[in-house]
Amino acid sequence: MITSDESMEVEILKQDLDARKQIGRIVFKIKDYQDKVKQIVSGYYGDFLPNCYDNMTIMKNGKMLEEEINKVVTMVNHDTTWQLSMAQEHIQQHREELSDAITGYKTSYKLQTIHSLFEMIPRSGDDYQKLISIMDKIKLLLNDGSDPIFSKLDCYQSIRLRYHEEYQMLLYNLNKKFESLIHFNEKLFQNTKAVTIKIKKNEDQLHQVIVALVNTNYNVHRMCKFLMDNVFEPIITRPVSLTCNEDDAGYASIQLSYQLKSSDDLRPNHKTIFQRMMETFYCLGHMNILISERQCIFSIIAQHIKGTLCKLLIENCLQNDIPDTIDEMNESSMVRSIQEFNKFLTEMFFLDYQHDHVLDEYASKVEFLFQKKFCTNIVSTALDVIRKDLHDMILVEERETHFSNGSDIFSSCMVSKSTIELKKLLDKILSEVSSAEKELSERLVKTIATILERYCIEVEKNHEKLLLKIPQQTALYHNNCMYLSFWLQKNASKLDGNNSFMLIGSALRDQSTKMFNNQLQNQRALLLQSLKGFELKNGIVELGPEPQKSVRQCIRQLDLLKSVWQTVLPENTYKSSIGGLITIFSAEIIKRIFNLEDITAEIGSGLVSVIDVAKEKAPLLFKDPTDISIVVKNWMKLMQLHKILDASLIEITELWAEGKGPLTLNYKAEEIKHLIRALFQNTKHRQICLGSIVQL
C-alpha cells in the first residue's frame, strides 16, 4: 500500500518534470525568436539585404512569447512546491538558464521594436507630431542604460546612424515646410535695403509645423536675428517705409525699406515708432501660434530679443524724446504712450506682465529724466556761454547794480557780454523756480548753484593763458565774478536764503580777488624789472641816462594799464590798483636815492629830472590828477624828496621848521639828516642845520 508521503513525492517529481519541459520549451522559443530577429536586423543594418521574414508576424510572435515568458517566470518565482523540489539540485541552474534567455529576448525584442518604428516613418507622411513621437521612442530605446548588451552589438552604430539620418531628414522637411509658409527675404542695394516677410494664412498648417519645430528644439536664433536686425532695429533707429497688407493669395505681408545711412535729425519720434511697431506685430501675429497655455511664437522670440529690443527703444528712441522744456513736458503724452505700448506687447504675449517691467519702469521715471535733462541742458547752455571770449564787453550802469536800499557794493564798470548773457539765463531759471513743482524747483536751485560753481573753473580752464598775460582779461574776470556774486546777494530771498549760495558768492569774490592780485603781482614784478636800470651806487660820478629811461619805461607800463583798466574796472578798484603800483614804484625810487651816501650837485640835478618825469606823468593816470596824493600814500614823500634834492640848507631847515614843518608829515629826523649829509659838504652851516633837525 502507498503511503501519503510517497504519494506527495511522486506528485513533486511530476511537477518538476513538467517545469523542466516548460523552461526548455520557452528557452527554445526564445532562441528561435532571436535567430529570426537577428536575420532581420542583419539584413537591414548589417548586410543591408532583404530577408524572408514578415516583420509584423515576428512582432506578434514576440508579444505572445512575452506572455509565455511571464507565466514561466511566475511559476518559477511563486510555485513553492516546485521551488522546494528543485532547491536541492537544479534550481540555480534553471534560474540562470531562464534569466539568460529572457535577457537575450529583451534585447531582441528591443531591436525588433526599433526596426518596426523605423518602418512606420514612411507610412506617417507629413504627420509631424507622429514622426516626432516615433523618433522620441527610438531615441529612448537607443539610450536605455539598463540594457548592457544592446550598445555592444555590431548593429548598434548602424541603427544609431539610421536614427540620426531620419531625424535630420525630419528637421529638413520641417524647415522646408516652415519656409513654404513663412518667407523672410532681404535685398541689399547701393544705399538702401528692402525687406519682405510673407506669412501664409493657414493656421492649421502653421500650428502643425510650428509645434513640431518647437518640440524638436528648433533654433529660432536665425529668425530672431533677422527680425531684430532687419525690422525692429531700423524701425526704431531710422525713417522707414512700411507697408502691411493681405493679398488674394492668402498671404499677410510686411514690406519695409530704408536708407542704410541716415542722419540722426531724421530719426522718427516715439509715437511714429510705436505705431510702426504695432503694425508690424499685428501682421506678424498671423504666425503667433499658441503652443501651450503660456507659450506662443512671440514668447519664444521674446526670450531671444526682448532685452535688446527694450534697450534699443529706450536708448535710441525714448531718451531722445524726453521733453526739453517745462511747457513741452506739460503737454507731453509720452508716459501714457509708453504704458499703452507696454500693454500692447503684453497682450501680444511678447512681454510677460509678471516679470517684464522695463518699459513701465521707464515710464514712471520720465518726469525725473525730464528734470535731469532739462537741468543738464541748462548747464550745457550755461557752459557754452561761460566759455565765450571775455574781451567782448559791455558797460554795466551803476543804477542797474544797486540794491533797493541804495547800497552800492557794486559800482558801474565793464563786464563781459557773456556774463550778461549768463545773468539773463540765471534770471530765467530763477523765474521758473517760483512756478515749478517742488521737486523741479529744488533741482533748478541746485542747477543755479552748479552753474556758478562751474563758472570760475571753466573760465580759468578756457582762458588760462590770457588771464595771466593780458591785464584787461583779468580785470574783466574780476568784474564778472563780482557781478555774479552781487546777483546772488540781490536774489538771496528768492533762493530761500540757501547757505550754499553764500559760500558760492564768497568763493566768487575770493577767486576774482586772487586772480586780480596775481595780475597785480605780475605788474609789480615788471616794474621792478624795469627799475633795474635805476641802479645808484655810492661813488658814481654822473647819473647817466639809464635811471630816467627806467622811470619812463615804468610810466609807460602804468599808462598801458590805464588804457585797459580805467574804463573797465570800477573806479575805486582802478584807483586802488594803479595807486598800489605807483606806491611801489615811488618806494623803489625813494629807497634807491636814500641808499646813496654822497650825492653831488650834478647827480642831485639828474635825480630831480628823473623825478620830474614821474611828477609830470603819474598824476595823469587818474581822471582827477589830484587823486594821486590821496591814493598813493608815499607820493608826497617822493615830491618832498624832489624838493630836498633841489633845495638849499636854509630851505630844508625851513621845511622842517623845528619839527613842525611839512617835511615832518613824511620824514623822520634821521632821514632828513641822512639827505643833508649826502647832499652837502661838512661845513659849519651844515652842522647848524643838522642841529636844528630834531624830532618833537
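The charged end of lysine 198 sits over the ring of tyrosine 251, 4.9 Å from the ring centre. The criterion for a charge over a ring is NZ of Lys or CZ of Arg within 6 Å of the ring centre and within 35 degrees of the ring normal. Arginine 162 also lies over a ring face, that of phenylalanine 118, at 4.4 Å from the ring centre.

Before I go on, the basis. This is a predicted model, in which local features need pLDDT of at least 70 and side-chain atom pairs count only at pLDDT 80 or more, while totals for chains, interfaces and linings use all residues. Residues are numbered from 1 along each chain as its sequence is written, and side-chain values use heavy atoms, with hydrogens and water left out.

Next, the sheet. Helices (H or I, at least four residues) and strands (E, at least two) are DSSP runs, numbered from the N terminus. Two strands pair if DSSP finds at least two bridges between them. In general, strands of a sheet pair through backbone hydrogen bonds, either parallel or antiparallel. Here an open sheet of 4 strands runs in the order S1-S2-S4-S3, with antiparallel pairing. S1 and strand S3 (240-246) are the edge strands, each pairing on one side only. From one strand to the next, the twist averages 10°.

Strand S1 (residues 182-188) and strand S2 (residues 192-200) are joined over 7 bridges. The two form a hairpin with 3 residues between them. Isoleucine 182 has isoleucine 199 in S2 as its bridge partner, and phenylalanine 184 stands opposite isoleucine 197 in S2.

Now the rings. How many aromatic pairs does the structure hold? There are 13 aromatic pairs. One of them is tyrosine 163 with tyrosine 167, stacked, at 6.0 Å centre to centre and 25° between the planes. For the cut-offs, rings of Phe, Tyr and Trp (its six-membered ring) pair if their centres lie within 6.5 Å; planes under 30 degrees apart count as stacked, over 60 as edge-to-face and the rest as tilted. Tyrosine 163 and tyrosine 167 are buried, meaning under 20% relative accessible area, with exposed being over 50% and partly exposed in between (1.4 Å probe, protein chains only).

Phenylalanine 232 and phenylalanine 281 form another stacked pair, 5.3 Å centre to centre with 15° between the planes. This pair links distant parts of the chain, with phenylalanine 232 in helix H8 (residues 221-237) and phenylalanine 281 in helix H9 (residues 270-284), 49 residues apart. Both phenylalanine 232 and phenylalanine 281 are buried. Ring pairs link them into a cluster whose members include Phe274, Tyr282 and Phe298.

H9 also packs with helix H12 (residues 334-347), at an angle of about 10° and with the axes 11 Å apart. Axes are lines fitted to C-alpha atoms, for helices over the stretch in contact, and angles run from 0 to 180 degrees between N-to-C directions. H9 and H12 are therefore roughly parallel to each other.

Last, a loop residue. Leucine 543 is found between helix H19 (499-530) and helix H20 (546-565). Leucine 543 counts as buried because its relative accessibility is 15%.

Terms used:
Angles under 35 degrees count as roughly parallel, over 145 as roughly antiparallel, 65 to 115 as roughly perpendicular and the rest as oblique.
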